[in-house]
Amino acid sequence: MPYFDVSIADFVGQLKSYGMPVWLVDAFGAALAAPIPGDQSSAEIERVLHRKPGTFEQFIKDHRAAFQA
């Protein structure tokens, strides 16, 4: 599969064109513009959030409606 290097602005614009929720588009844009340095392991996430991180599977279950037409 080929890799296409696109600007953050183009990536964000494409996400918007798909009808993705603005809060999620903004989060992707911010994450790409200023990546978080350092340890992003589950242990570090738990330390910052003061709780165990959720799973991707649970996120999908919780937000499924936002991704369906």
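Visitor: Which pattern does the protein follow, read along the sequence?

Guide: The pattern is α-α-α-α, and the secondary structure comes to four helices and zero strands. Helices here are DSSP runs of H or I with at least four residues, strands are runs of E with at least two, and both are numbered from the N terminus. Please keep in mind that this is a predicted model, in which local features need pLDDT of at least 70, side-chain atom pairs count only at pLDDT 80 or more, and totals for chains, interfaces and linings use all residues. Residues are numbered from 1 along each chain as its sequence is written, and side-chain values use heavy atoms, with hydrogens and water left out.

Visitor: Why are α1 and α2 called roughly antiparallel to each other?

Guide: Helix α1 (residues 8–17) and helix α2 (residues 22–33) pack at an angle of about 165 degrees, and their axes are 10 Å apart. Axes are lines fitted to C-alpha atoms, for helices over the stretch in contact, and angles run from 0 to 180 degrees between N-to-C directions. Angles under 35 degrees count as roughly parallel, over 145 as roughly antiparallel, 65 to 115 as roughly perpendicular and the rest as oblique. The pair is therefore roughly antiparallel.

Visitor: Which residues of α1 and α2 make the contact?

Guide: On the α1 side they are Ile 8, Phe 11, Val 12, Leu 15 and Lys 16, and on the α2 side Val 25, Phe 28, Gly 29, Leu 32 and Ala 33. Contact means heavy atoms within 4.5 Å.

Visitor: How do you sort the contact of α1 with α2 by class?

Guide: Ala, Val, Leu, Ile, Met, Phe, Trp, Tyr, Cys and Pro count as nonpolar, Asp, Glu, Lys and Arg as charged, and the others, Gly among them, as polar. That gives eight nonpolar, one polar and one charged residues.

Visitor: How does the radius of gyration of the protein compare with that of a compact globule of 69 residues?

Guide: Such a globule would have a value near 11 Å, but the protein has 15 Å. The radius is taken over C-alpha atoms, and the globule rule is 2.2 Å times the number of residues to the power 0.38. Along its principal axes, the C-alpha trace spans about 35 × 30 × 25 Å.

Visitor: What makes Trp 23 count as buried, partly exposed or exposed?

Guide: Buried means under 20% relative accessible area, exposed over 50%, and partly exposed in between (1.4 Å probe, protein chains only). Trp 23, found in helix α2, has 47%, so Trp 23 is partly exposed. Buried residues make up 9% of the 69 residues.

Visitor: And why do Arg 64 and Glu 57 get the labels they do?

Guide: Both lie in helix α4, Arg 64 as well as Glu 57. Arg 64 has 45% relative accessibility, so Arg 64 counts as partly exposed. Glu 57 has 54%, so Glu 57 counts as exposed.

Visitor: What is the phi of His 50?

Guide: Phi of His 50 is near 60 degrees, a positive value in a residue other than glycine. Most residues other than glycine have a negative phi. His 50 lies in the loop between α3 (42–49) and α4 (56–67), and at 72% relative accessibility His 50 counts as exposed.
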